[in-house]
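Dear colleague,

Please find below the structure that I am handing over to you. My notes on it follow directly after.

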Amino acid sequence: MRRVSIFGATGSIGQNTIDLISRAPDDYDVVALTGAGNIAQLAADARRLGADIAITAHDHLLEELRTALSGSDVEAAAGTAALTEAASRPADWVMSAIVGAAGLAPGLTALEQGATLALANKESLVCAGHLMLETARRHEARLLPVDSEHSAVFQALAGEDINAVERVIITASGGAFRDWDIDDLAHATLDEASSHPNWDMGQRITIDSASMFNKAMELIETREYFGVFPDQIEVLVHPESLIHAMVGFKDGALMAHVGPPDMRHAIGYALHWPERRALPVERLDLAAIGQLSFRAPCNTRWPALRLAREVMQTGGLAGAVFNAAKETALDGFIAGKIGFTGMAEVVEEVLNLVDAQPGHIDATMTLDNVAATDHLARREAWSVINKRAGQ
Ligand code: NDP
């Protein structure tokens, strides 16, 4: 039996992971399941899977979780320290699917235990890629990509020499507004931004797909995970979301990974790696699909892509600033304080503000320095957002 923990178990990735392990319950010993606000789901899954411990990130929900688990053998805990403690419990395979920078500390702790970390939480690599990879190396832990594009690149690279890679192409559906008139974007509503044409995902990543901040994060994630140079990474708009990524080699060959838009493929690949096992995903009928289409991304429509390239150029802790500013700008949009296009403007302003403060970008990449940079960038971002909102 493999000991598994799922961080962010109540979310979209977490539930897809649970769907897979529930199909072979005898194969898995569930150590920890975590969530935040969705106590009913967390408790139900923890009971059903016989988890050792269930943790909510929110201290004030501990009593509610205890009540929901009463009569079971599942331990209840709450708060960020409890999340880290749970990550330090021995597990063979850990899913990192908390949304946002909150996923970084538990992921690092799991790597320190030598676990295989299936990484959906792209924020970890954007904020602290070097730290994640270095921690994995030091503790002989393995980091496996779960983001569909990075899983696709990883699969296309299997058995290949990274030095033979000329370019990596990650695809983007273009999100909810890919066909909108650019002038209308400023007035896009929260509801309109929260619906994805192809993927069924959590609300935050769905909005990030519409703004292309998700792809911007993935550009940085690609650079960090595979160690390729920024100018080797291309973004290609592919509205059907069937090709997830392509790797171009020196001899001109282009290896594409094609599959249905179902995260259970990438999750299952990371769960069973290095084997391939049968997965309950649709088999594509390409003749019925008929055509695939592609277009170049437009930097005017999606300024997030340009900002990500600037962040890669700057390096150091610029990724932590970028992520924190992006998360805060998204909070500001969800709260109705800024408009849709205001998100990129806020992120750009914060990058310039923090970049101008000596020492912040160049500080050594430790968890404490990442956290301090994250904190500073969020403070600056709220101040920019509130100024724009006239508060
Ligand atoms: P969801 O919003 O659906 O789920 C997020 C999870 O994190 C939930 O379990 C939520 O708990 C928990 N959570 C929220 N806030 C906190 C916090 N402050 N501390 C600890 N836990 C918290 O997100 P997704 O599943 O869509 O995405 C998860 C991660 O995977 C993100 O980093 C995303 O970018 C990445 N990803 C997602 C993909 C997808 O298809 N969804 C594809 C590729 C990557 P609760 O629900 O109980 O409040």
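**Findings**

Helix α5 (residues 104–112) is mostly covered, with 7 of its 9 residues buried; buried means under 20% relative accessible area, exposed over 50%, and partly exposed in between (1.4 Å probe, protein chains only). Helices (H or I, at least four residues) and strands (E, at least two) are DSSP runs, numbered from the N terminus. The buried residues of α5 are Leu104, Pro106, Gly107, Leu108, Thr109, Ala110 and Leu111. After α5 comes Gly114, which has a positive phi near 80°.

Please note that this is a predicted model: local features need pLDDT of at least 70 and side-chain atom pairs count only at pLDDT 80 or more, while totals for chains, interfaces and linings use all residues. Residues are numbered from 1 along each chain as its sequence is written, and side-chain values use heavy atoms, with hydrogens and water left out.

**The ligand**

The shell around the ligand holds 25 residues, of which Thr10, Ala36, Asn38, Glu123 and Asp147 come nearest; a residue is near a molecule or strand if one of its heavy atoms lies within 4 Å of it. The shell divides into 13 nonpolar, 9 polar and 3 charged residues (Ala, Val, Leu, Ile, Met, Phe, Trp, Tyr, Cys and Pro count as nonpolar, Asp, Glu, Lys and Arg as charged, and the others, Gly among them, as polar). Taken alone, the ligand exposes 900 Å², and the protein buries 84% of that (Shrake-Rupley method with a 1.4 Å probe; for residues, only the protein chains shown count as cover). The elements giving two or more residues to this shell are α1 (12–22) and α6 (122–138).

**The nonpolar core**

The largest nonpolar core has 135 residues, and Phe322, Phe340 and Met343 are among those with the most contacts inside it. Such a core is a set of buried Ala, Val, Leu, Ile, Met, Phe, Trp, Tyr and Cys residues joined through side-chain atoms within 4.5 Å. Helix α14 (residues 318–334) provides the largest share of this core, 9 residues.

**Backbone details**

A cis peptide bond joins Trp273 and Pro274, with omega about 10°. Pro274 lies in the loop between α11 (263–272) and α12 (286–289). Met212 is not a glycine, yet its phi is positive, about 70°; Met212 is buried, with a relative accessible area of 2%.

With kind regards
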